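Colleague: I'd like a close look at one part of this model. Start with the overall picture, then zoom in.

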Amino acid sequence: MRWWKVLGVAAFVGVAASGVMVARAQRKRAAYTPDQIRERLHARLAEAEGR
């Protein structure tokens with residue numbers, strides 16, 4: 001029965017780590033100004049049209 005506890009703790013740690021990664025990514029996205037987002041979208045569009 002002990003391995004169930006280990007599995008449960010591992011699952012909890014995995015969910016917590018995923019939450020941290022999502023929060024970091026959100027903070028990184030929120031740090032962009034609207035002008036920076038517009039520039040990046042235009043660059044991606046130009047790259048896509050170039051292919």
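Colleague: How many helices and strands does the protein chain come to? Then take me to the salt bridge: which side chains meet in it?

Modeller: The model is predicted: local features need pLDDT of at least 70, side-chain atom pairs need 80 or more, and totals for chains, interfaces and linings use all residues. Numbering runs from 1 along each chain as its sequence is written, and side-chain values use heavy atoms, without hydrogens or water.

The protein chain has 2 helices and 0 strands (DSSP runs, H or I of at least four residues for helices, E of at least two for strands, numbered from the N terminus). Its radius of gyration is 20 Å, well over the 10 Å that the globule rule gives for 51 residues, so the chain is more spread out than a compact globule. That radius is taken over C-alpha atoms, and the rule is 2.2 Å times the number of residues to the power 0.38. The C-alpha atoms fill a box of roughly 60 × 25 × 5 Å along the principal axes. Of the 51 residues, 0% count as buried (under 20% relative accessible area; exposed is over 50%, partly exposed in between; 1.4 Å probe, protein chains only).

Now the close-up. Side chains of opposite charge can pair when their charged atoms come close. Here the count is 1 salt bridge, meaning a side-chain nitrogen of Lys or Arg within 4 Å of a carboxyl oxygen of Asp or Glu. Arg 38 and Asp 35 form it, at 2.7 Å from N to O. Both sit in helix H2 (residues 34–50), 3 residues apart, so about one helical turn separates them. Arg 38 is partly exposed, with a relative accessible area of 44%. Asp 35 is partly exposed as well, at 47%.

For context, helix H1 (residues 2–30) holds Leu 7. That leucine, Leu 7, is partly exposed too, with a relative accessible area of 45%.
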